Amino acid sequence: MRTANGGKTAGASPAAGGADSGTPMGSERLEMRKRQMPAAQETPGSAPGQHGVGSRGSNACCFCWCCCCSCSCLTVRNQEDQRPSRASYELRTEDLPTCEESPTPTLEEVNAWAQSFDKLMITPAGRNAFREFLRTEFSEENMLFWMACEELKKEANKNIIEEKARIIYENYISILSPKEVSLDSRVREVINRNMVEPSQHIFDDAQLQIYTLMHRDSYPRFMNSALYKDLLRSLSEKSVEA
């Protein structure tokens, strides 16, 4: 019996040990399932997170996945939005003096233009024709400046003189102006000093310098231009027909 009991006992011990060992195995499996369940919950839960990332990417300013304000594309877009949209100063026709009213020049007048630059500049028709030519050479500002100085000389009211002098300075003397005329440093310094209390003759030296420039540089080309030759030929033909 003892042997039998011992045998049973010996035989039951492995069974009991198996049962005891099975219990830890079951608890481990249960623990593993508990660990796998949060992982499984986190996996589906991460999908909305990934979807959110994707949705943010679709709303981003470029193909980058973030919408942060430091995005280079967004920065470029902001810079483009802040870029000034005004037209270039040359294209603002309201800022340009209108052409002088003048009758159609006669053949004698047009022939006289070839005699001297002074005879060209003394008549409104001559100035208009010369200004049209300067526009083709992108140097119309020289004539505009000269004409503005002529208008300033006619003023007597101090307030109007100061206002017109300021406008002329901003349009043609300032280095920031797209219509700046070419002046030497000496003339520029004199103008800068006199702008404190400008007179109607503040730009006389500058006007003479630009007049000389047009005479030596642009006038010879104007006399050889198609514009002048066509005008001369047209008036000659009309004169013959008459």
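The place of Phe-138 is in the loop between helix 5 and helix 6, where helices are DSSP runs of H or I with at least four residues, strands are runs of E with at least two, and both are numbered from the N terminus. The phi angle of Phe-138 is near 60°, a positive value in a residue other than glycine. With a relative accessible area of 74%, Phe-138 is exposed; in these terms buried means under 20% relative accessible area, exposed means over 50%, and partly exposed lies in between, for a 1.4 Å probe and protein chains only. The model is a predicted one, in which local features need pLDDT of at least 70 and side-chain atom pairs count only at pLDDT 80 or more, while totals for chains, interfaces and linings use all residues. Residues are numbered from 1 along each chain as its sequence is written, and side-chain values use heavy atoms, with hydrogens and water left out.

The secondary structure of the protein chain comes to ten helices and zero strands. Of the 242 residues of the chain, 27% count as buried. Where contact means heavy atoms within 4.5 Å, 58% of the contacts between residues at least 6 apart in sequence join residues at least 24 apart.

The two helices on either side of the loop that holds Phe-138 are helix 5 and helix 6. Two packed helices are described by the angle between their axes and the distance between the axes. For helix 5 and helix 6, the axes come within 7 Å and cross at roughly 145°; such axes are lines fitted to C-alpha atoms, for helices over the stretch in contact, and the angles run from 0 to 180 degrees between N-to-C directions. Helix 5 contributes Arg-127, Phe-130, Arg-131, Leu-134 and Arg-135 to the contact, and helix 6 contributes Glu-140, Met-143, Leu-144, Trp-146 and Met-147. These residues divide into six nonpolar, no polar and four charged, where Ala, Val, Leu, Ile, Met, Phe, Trp, Tyr, Cys and Pro count as nonpolar, Asp, Glu, Lys and Arg as charged, and the others, Gly among them, as polar.

The structure holds eleven aromatic pairs, a pair being formed by rings of Phe, Tyr and Trp (its six-membered ring) whose centres lie within 6.5 Å, with planes under 30 degrees apart counted as stacked, over 60 as edge-to-face and the rest as tilted. One of these pairs joins Phe-130 and Phe-222 in an edge-to-face arrangement, 5.5 Å centre to centre and with 80° between the planes. This pair links distant parts of the chain, since Phe-130 lies in helix 5 (residues 124-136) and Phe-222 in helix 9 (residues 204-223), 92 residues apart. Phe-130 counts as buried at 0% relative accessibility, and Phe-222 also counts as buried at 0%. The rings of Trp-146 and Tyr-211 have centres 6.1 Å apart and planes at 35°, so this pair is tilted. Here, too, distant parts of the chain are linked, with Trp-146 in helix 6 (residues 140-153) and Tyr-211 in helix 9, 65 residues apart. Trp-146 is buried, with a relative accessible area of 12%, and Tyr-211 counts as buried at 18%. One aromatic cluster includes Phe-130, Trp-146, Tyr-211 and Phe-222, among others.

In soluble globular proteins, nonpolar side chains tend to be buried together. A nonpolar core is a set of buried Ala, Val, Leu, Ile, Met, Phe, Trp, Tyr and Cys residues joined through side-chain atoms within 4.5 Å, and of the 39 residues in the largest such core, Phe-130, Phe-145, Phe-203, Met-214 and Phe-222 touch the most other members. The largest share of this core, eight residues, comes from helix 6. Leaving aside neighbours within four places in sequence, Phe-145 is in contact with residues including Ile-168, Val-181, Phe-203 and Ile-210.

Glu-155 is found in the loop between helix 6 and helix 7. Not counting residues up to four places away in sequence, Glu-155 touches Ile-160, Ile-161, Lys-164 and Gln-200; Gln-200 is 45 residues from Glu-155 in sequence and 6.8 Å away in space, C-alpha to C-alpha.
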